[in-house]
Amino acid sequence: MKSYLPLEPFKNLALSLSGGGYRAATFHMGLMTYLSSVIWEGKSLLERVRIISTVSGGTFTGVCYATTIAKNKTLSDFYDKMYRFFCEEDVIDKGLKKLEDFENWDSEKDRSLINALSLVYFEEFEKETFALLFDNDSHLKEIIFNATEFNYGLPFRFQKTSMVSDNRLYAYYGNKQVNMPAAAIREVRLADVIAASSCFPMGFEPINFPNDFRHKESSRLEDLKESFMADKWGKRCKFPIGLMDGGMVDNQGIDSVINAEKRMRNYKDGLEKFASKDVKAIDLYIISDVSSPYMVPYRITKEKKPEKWRRLSFKRFLFLGVLLLLTACILVTVAIFSNKTEVSFISGFFTSLFIVLGILCFFLSNIFHWAIRKFEVPEYFAKKLKVFTRMRFGVYEALMKNRITSVISMVSQVFMKQIRRQEYGRVYNDNEWKPRLIMNGIYELSSEKMKETVEDEKGFKSEYMGIPSEKLIETADLADSMGTTLWFTSQELKDSHKRRSMLNALIASGQFTGCYNLLVYIEKTLWGKENSEAYKSYHKDIQENIKNLHENLLSDWKRFNENPFWMVDEKKT
């Protein structure tokens, strides 16, 4: 089989930053700080990134880095800004306070939780618009922040490409079906892009475009009433449209990188040096991912013992209703014939109470039949469903829990894992992409994964690295334990030490996992048997550079095993 090993390894890189809330944002931050320390032919690997594609939590990191270098600021500025925001800002608390402040909602946006958070992002994290990225050139030639639109169910890309022409559109600002002109995207606030990209279902409502993106200096967005270009049926989509989390259709942003790489192959007018003569314009594509390919097995909820309320059924409410009304009749009789005021008052009070409760029981006893009529269930099925009126609530409990948990599992795991496999398959099943890929997963060095790796007959991936130290694995476990949320746990919010410990673990995990995967890439891909002949065709200088790079990475790996936080500690000082 022909080898498609890159002709010039490490020359041009692409980087995907997956979704996954704060866990994703800070893990990716760690990877990027490590890439900035790895030098290839005079430049860091981070400076060699030409394409960056981000989703949800990864968009926090992507936006922050892109604006930092657009302003000619340093990596330390990027690191400090990210660390301060995630360590010090309680975004949800501020967003909820803004949402409930009815008198001071000073915004063009509709009142909603996602819009409240976007205002917090603007005030506390990022005040720039997309114009900054268009007006300032950097090593990032293709920048894509991914959301999902709710008209066609397609990725909605807020992007900047270096391909500019008055006669041809090289990239859609949105997608092919729903889009906006370049003048409009320049006015879009990056804080709103973060909100749209990380607007996950059930947690938030959709954010509307362009209505919720308008502000005092957005005349182009104000005039935007329909899609800039017609869809494939010749129609222009009418605005507004709903946008939500980009992870709903591609949580790794892989599709956007594939499209951007195709654009790079056609670069001209001074950009030819990025238009590789190789089969791909990208020599190494790193997909940084905090989602796992493994599912949590579904566990059925078993019926509990029929005690207390679990013994009830809809039919039993009829009996209770009759009993309560009979009791009320008796109490009325007592009140009428009693000569004592106190007895009459108490009897009257409980008579009223029992009548109300009796009516409520009659209503509950008939609610199932009401629902059948309300939803116009066919008579054939209605007769069959009468069995549910006699069923105990304990049985209902198990039936409902199993349905709810299975639906949640289907949406959050089955669908997401299936989409994940399909997107990864687009590059891993492509022979031209395969020798250019690194998947940098947060779970790779966790104790559970290491146990599987060591027990595997093939053993550990590297003959040079050795088994990771306990300290490193413990740090990986701590990082992997954080949920994919836009907040910390209540304990972490209250205890700044715990919050910083989690942040440091996530950053360190991104750093040493990145180091680990670069070593594996050199040893298993560049030096692997499958590409041995292609590797021999490299010039001796390239082979020597790869060898030196491996030695430097191995030195870092040993330091990470001794102290997983050594790079984090250096930043502190």
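This is a predicted model: local features need pLDDT of at least 70, side-chain atom pairs count only at pLDDT 80 or more; totals for chains, interfaces and linings use all residues.
1. Strand β10 spans residues 241-245, and five of its five residues are buried. The strand is thus described as mostly covered.

2. Strand β10 has a pairing with β5, which comprises residues 142-149. These two strands run antiparallel and are joined by three bridges. Within this pairing, T148 has M244 of β10 as its bridge partner.

3. Strand β9, residues 207-209, is also joined to β10 by three bridges, and the two run antiparallel. Here F209 has I241 of β10 as its bridge partner. As a general point, side chains in a regular strand alternate between the two faces of the sheet.

4. Residue Q177 is found in a loop, with β7 (173-174) on one side and β8 (179-180) on the other. Is Q177 buried or exposed? Q177 counts as buried because its relative accessible area is 9%, and the cut-off for burial is under 20%.

5. Which residues does Q177 contact, once its neighbours within four places in sequence are left aside? The contacts of Q177 are Y152, L154, S227, M229, D231, K232, W233 and C237.

6. Residue E448 belongs to helix α16, which covers residues 447-455. E448 counts as exposed because its relative accessible area is 59%, and the cut-off for exposure is over 50%.

Methods. Residues are numbered from 1 along each chain as its sequence is written. Side-chain values use heavy atoms; hydrogens and water are left out. Helices (H or I, at least four residues) and strands (E, at least two) are DSSP runs, numbered from the N terminus. Buried means under 20% relative accessible area, exposed over 50%, partly exposed in between (1.4 Å probe, protein chains only). Contact means heavy atoms within 4.5 Å. Two strands pair if DSSP finds at least two bridges between them.
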